[in-house]
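Take a first walk through this structure.

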Amino acid sequence: MGVRLVLPNLASLAQRGDLGERWSMARRCGLDLVEVPADLIKNRREAELTGLPIGSMPEDGSVELLYGRGDRNARYVMHTDPGIYRRDARTMARLRWGDEGWTDDYVRFLSSASRRLGPPPEVVEVHSGRDVDIAGMVDAMARLRDGLRRELRAPVIVALENKPGQAVATVKDIIEAMDLMDGQDGLGIMLDVPNLWKAGRRQAGGVETLPTERLVGMHVHERHRAPPGGAVDWSAVRRLMCRRDELIVNPEVFHRGELERALYFIRQELLAQKPHKGAAVL
Ligand SMILES: [Zn+2]
């Protein structure tokens, strides 16, 4: 399958989205998957639309209001709530992965969104937030995976994204999470590259030592713009990528113009076969 590229959640796309629109744009750009946002109620507009408070779980009836039409040919990844500060509500969206009832509510929401969109997602991306430890997060991921597989009858993969300030932020945290996933099917890591550097420059250098068996994919950007932006050591990232044959790569930029540049960077700088330093030139 090799490397598969994702159409990110561009600011110009209808929010939450219309899977048909996203999928046809992805095909035009030569991309293999699309990202579909699956946040908690995100802002005042969504709160008014659904009658639910910001930061709460969308209910079954809200799904039709939030998501446009589906597309049964589309292939996509769902990006769940990152647990960040919501300006509208002046509050952090709280991720409650330690609470089994809340995790089951997320299963219900994702399943209902997925039925609206057509096919099941290939990957569901999650962030740990601040309310659980690493072991608690891996338990919640297993619960989410089991719930989604039961509801959707599809081999959905649940992948954890690292974020500074959250339970899983550094290379060490990621390795610990990977160890806890040992022997479990359908759990992995979605490595956000610049987030690793935001969590600390020195530890981020260890990126190339990460084990790759659990590496589902990567978010490639710098401050949501096309790399290189100066903060990340992309040659270390490249060496990590070389060790993994199957990978989902999301150029997680916000604007269409940046997308072209990010794709060029990924194809030319990260994925292109380059001769080793010192290799004989024939
Ligand atoms: Zn990301």
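In which hand, left or right, does H4 cross H5? H4 passes H5 in a right-handed crossing, one where the near helix is turned clockwise from the far one by less than a right angle. Helices are DSSP runs of H or I with at least four residues, strands are E runs with at least two, and both are numbered from the N terminus.

This is a predicted model: local features need pLDDT of at least 70, side-chain atom pairs count only at pLDDT 80 or more, and totals for chains, interfaces and linings use all residues. Residues are numbered from 1 along each chain as its sequence is written.

Look at who meets whom. From H4 (residues 100–117), residues including Tyr106, Val107 and Leu110 meet H5 residues, among them Ala140, Leu144 and Leu148. By class, this contact has seven nonpolar, four polar and four charged residues.

Now turn to H6, residues 171–180. Val171, Asp173, Ile174, Ala177 and Met178 are buried there (20 or more other C-beta atoms within 10 Å; exposed is 12 or fewer, partly exposed in between; C-beta atoms are placed from the backbone). Seen down the axis of H6, these buried residues fall within an arc of 160°, so they line one face of the helix. They pack against helices H5, H7 and H8 and strands E7 and E8.

Finally, find Arg44 in helix H2. Arg44 is partly exposed, with 13 other C-beta atoms within 10 Å.

Technical notes. Arc of directions from axis to C-beta. Contact = placed C-beta atoms within 7 Å. Axes fitted to C-alpha atoms, helices over the stretch in contact; angles between N-to-C directions. Nonpolar A, V, L, I, M, F, W, Y, C, P; charged D, E, K, R; others polar.
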